[in-house]
Amino acid sequence: MPELTVTLPGPAPGPAAKPLSSYKPFWAKRYGPAPFLPTTRAEMDALGWDSCDIVIVSGDAYVDHPSFGMAVIGRMLENQGFRVGIIAQPDWLSAEPFKALGKPNLLWGVTAGNMDSMINRYTADRKLRSDDAYTPGGNGGQRPDRAATVYSQRCREAFPGVPVVLGGIEGSLRRIAHYDYWSDKVRRSVLMDSKADLLLYGNAERAIIEVAHRLAEREPVEAITDVRGTAFIRRRNDPTAQGWFELDSTEVDRPGRIDQHINPYMGMAQAAAEQGQSCALEDAGAFDPVKDAVGKGVQVQPIRLDIRASVKDKVMVPAQAQAQAHAHAHEDEADELEAPAADAATTSASRTGKIVMPPRERTVIRLPAYEALKDDPVLYAHANRVLHLETNPGNARALVQRHGEGPGARDVWINPPPIPLTTPEMDLVFDLPYARAPHPSYGDAVIPAWDMIRFSINIMRGCFGGCTFCSITEHEGRIIQSRSEASVLREIETIRDKVKGFTGVISDLGGPTANMYRIGCKSPVIEAACRKPSCVYPDICPNLNTDHAPLIRMYRRARALPGIKKILIGSGLRYDLAVRSPEYIKELVTHHVGGYLKIAPEHTETGPLSKMMKPGMGAYDRFKELFEKYSAEAGKKQYLIPYFIAAHPGTTDEDMMNLAIWLKRNGFKADQVQTFYPSPMATATAMYHSGMNTLKGISRDARKGERVDIVKGEKRRRLHKAFLRYHDPNNWPLLREALMAMGRRDLIGNGPNHLIPTYQPVTDGTYESARRKNSTQAGTKTSVVTVGRVQRNEGSEASPTRRGGKATEHDPRDLPKVSARRPKPGQMLTQHTGLPPRAGAGSKPRSAKKPR
């Protein structure tokens, strides 16, 4: 008998994808591109259309620009020859507004817009926003809660029978059972609530083009189940699921003792007996995995590689595969694994002596059912971990999750992520004939989101940072997709020549991250096999190419174009990556910083940073040193503006206090403060819901795994936010109370070394952010009374330290050196402007001859 060996399925350098430009155009290509995609019947008549092939419904105002998803998808479909109409921000209270363009010939395309509708409508404190940056005039209330679901239902009501294809960021982040911060519970996949036929997640150009062409060829939407980047609902015993090898998610990531794992070398009757049950099938002699394998000439021995999926998948011998299949069948006949796949592996093993694992492209991982995890945080954390393991297009497997029980149960099936676009395909997307303006029907109304990006250019997609609070990776992926230099330069020239109001300044050359252009793994084979969530945490991967030369070259060529006065970089900068290229920092600081540069260390303490997967402050200090060095060499006074997050999972009150001390020591007054916002499907959201560090192994055993300090409750979230705005008098009562409870009275006092004073000025109790103008103004006059040597407001919660029965200040000699590097008067920086305050705002008037 041949010796039994194990063959591990090594992924190829990456699956191939059909180029976007290789499809035969639909017949309506003869109409050519429209100035704007039509939004009314009158516009359709002007174009000579009798109907639309596809109608896109969006929660955003229609801006024909490549930064708006509806415009990108609409123009891509137009490029393929389809007639595409837009219904932007319809009244959702009835189906009539959805009939404005008539019945679509092929499909509805539904998106909530460029933002999740709940994040768009509610603050991190669950308060209703009064504004909407994607609406003319910035007015709120122009889209419903959970817009993707509402729009899908109205489309179905308007024209039953037309396939509904759901996309956008809201669909991407809700494609699976997910924790919903606003209702504080786990909700079903958006597919179940919206009743959409297909969900397209991520950047959906590949998927929507293939789906549209197949529908145009009269293929039923129910048969379109093999497109990457899509999710759909399958019924029980669906014949389209034949031929798949199903793997239980607990074989990929084992979340403690949830269910006993099956011993594949033990009879099913024995395994059932251990649990006080019996297996009728095996008792009747219908199934014996060990005898079956031996009867076919396979040497069965306990081969099991105890290596977690983050490195390699566990390997199962044929008998083990059949045992697992039988286990699923015993639990629910609808979950039965197809025997041919296991039999084929067994037959192959009997001929060659090798175990041939089913190909990854035919393997599906079954996640815990919605009913099992909706009230079980451990199972939810486990499902979230598995989902994030299966995000690399080079090796990801399909996922399936049961929703419902009994005969009405359905499976939400999620195909592997889409193949990233190549550089020529990215050029095709961004070179389409966009009008680069809002639809004329809006007149002179200001659309804030459009005003912000009208002179900016997107040079790439994706992010390999893996920050746990961010959803870019879940949507765009971690493989960088870059445009060519020529395409970017063409867009700059188009803005210069065609966009109204251009003054010669490009506001941004960036993307999700400013300095990841053309950066990626050195080896396509390693990239296709890698399952790490981040390429830069805990340190930069040695396989990552960190060459900034292509970006430097683009900057130089762009600013040399005629008519271009200045090119700024407005996107966030990955500073730990930038320090690998001092030449890039010099180029950036010398030519592309407009007085201040925003970066995001997010925190100073290792506890929260480890839960964010962000680098320590050492990388910030190195970048700051280079930034200041090259600014001085350029003869410029420029400022770094760091951004921080309050109330992130893993952040203690002491962590926030230490961050506040760091801010004061370094002279920062944060005007823009972000409290952690648990967006659907993010890793940090799973921490928030489960209280566990999902970056590490999880377990029901409290002695195993890592528990995370979760900041919940309005008061504690306000406290963490108040530490970031330690300089706002409205926060001082809350901070005094907290500091005294923490035993840090030494930080309360009126000296330069204290964090907050003992006195309380008269304020109106409001807060002015840079956006809403509702915080305490600088230089507010105060009214105080004197108690001994301590000034305090009447009725203040502060109480001075008493020594010998007298009120007195704290002894400055007992205080920590909070202000070792305290800025000079008048040099306190603000996060909003990054510049010193104007003359008269607590500083001496500036000399006309001296730089500020």
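At what angle do α20 and helix α22 pack, and how far apart are their axes? The angle is about 25°, and the axes of α20 and helix α22 (residues 582–591) lie 10 Å apart. The model is predicted.

**α20 with α22**
- Angles under 35 degrees count as roughly parallel, so α20 is roughly parallel to α22.
- The crossing of this pair is left-handed.
- From α20, the contact uses Leu-551, Ile-552, Tyr-555, Arg-556 and Arg-559.
- From α22, Glu-583, Tyr-584, Glu-587 and His-591 take part.
- By class, the residues of this contact are four nonpolar, one polar and four charged.

**α18 with α20**
- Helix α18 (residues 485–498) packs against helix α20 (residues 549–559) at about 30°, with the axes 11 Å apart.
- That angle makes α18 roughly parallel to α20.
- Here the crossing is right-handed.
- α18 contributes Glu-485, Val-488, Leu-489 and Ile-492 to the contact.
- α20 contributes Pro-550, Arg-553, Met-554, Arg-557 and Ala-558.
- Six of the contact residues are nonpolar, three are charged and none is polar.

**Nonpolar cores**
- The largest nonpolar core has 79 residues.
- Within this core, Ile-492, Leu-509 and Phe-623 touch the most other members.
- Leaving out residues up to four places away in sequence, Leu-509 touches Ile-457, Ile-459, Val-488, Ile-492, Tyr-555, Ala-558, Ile-567, Leu-568 and Ile-569.
- A second, separate core holds 55 residues, including Val-211, Trp-413, Ile-447 and Trp-450.
- In soluble globular proteins, nonpolar side chains tend to be buried together.

Notes: Residues numbered from 1 in each chain as written. Predicted model: local features only at pLDDT ≥ 70, side-chain atom pairs only at ≥ 80, totals over all residues. Heavy atoms only, no water. Core = buried A, V, L, I, M, F, W, Y, C linked by side-chain atoms within 4.5 Å. Buried < 20%, exposed > 50% of the residue type's maximum accessible area, 1.4 Å probe, protein only. Contact = heavy atoms within 4.5 Å. Axes fitted to C-alpha atoms, helices over the stretch in contact; angles between N-to-C directions. Helix = DSSP H or I, 4+ residues; strand = E, 2+ residues; numbered from the N terminus. Parallel < 35°, antiparallel > 145°, perpendicular 65-115°, else oblique. Left-handed = near helix turned anticlockwise from the far one by under 90°. Nonpolar A, V, L, I, M, F, W, Y, C, P; charged D, E, K, R; others polar.
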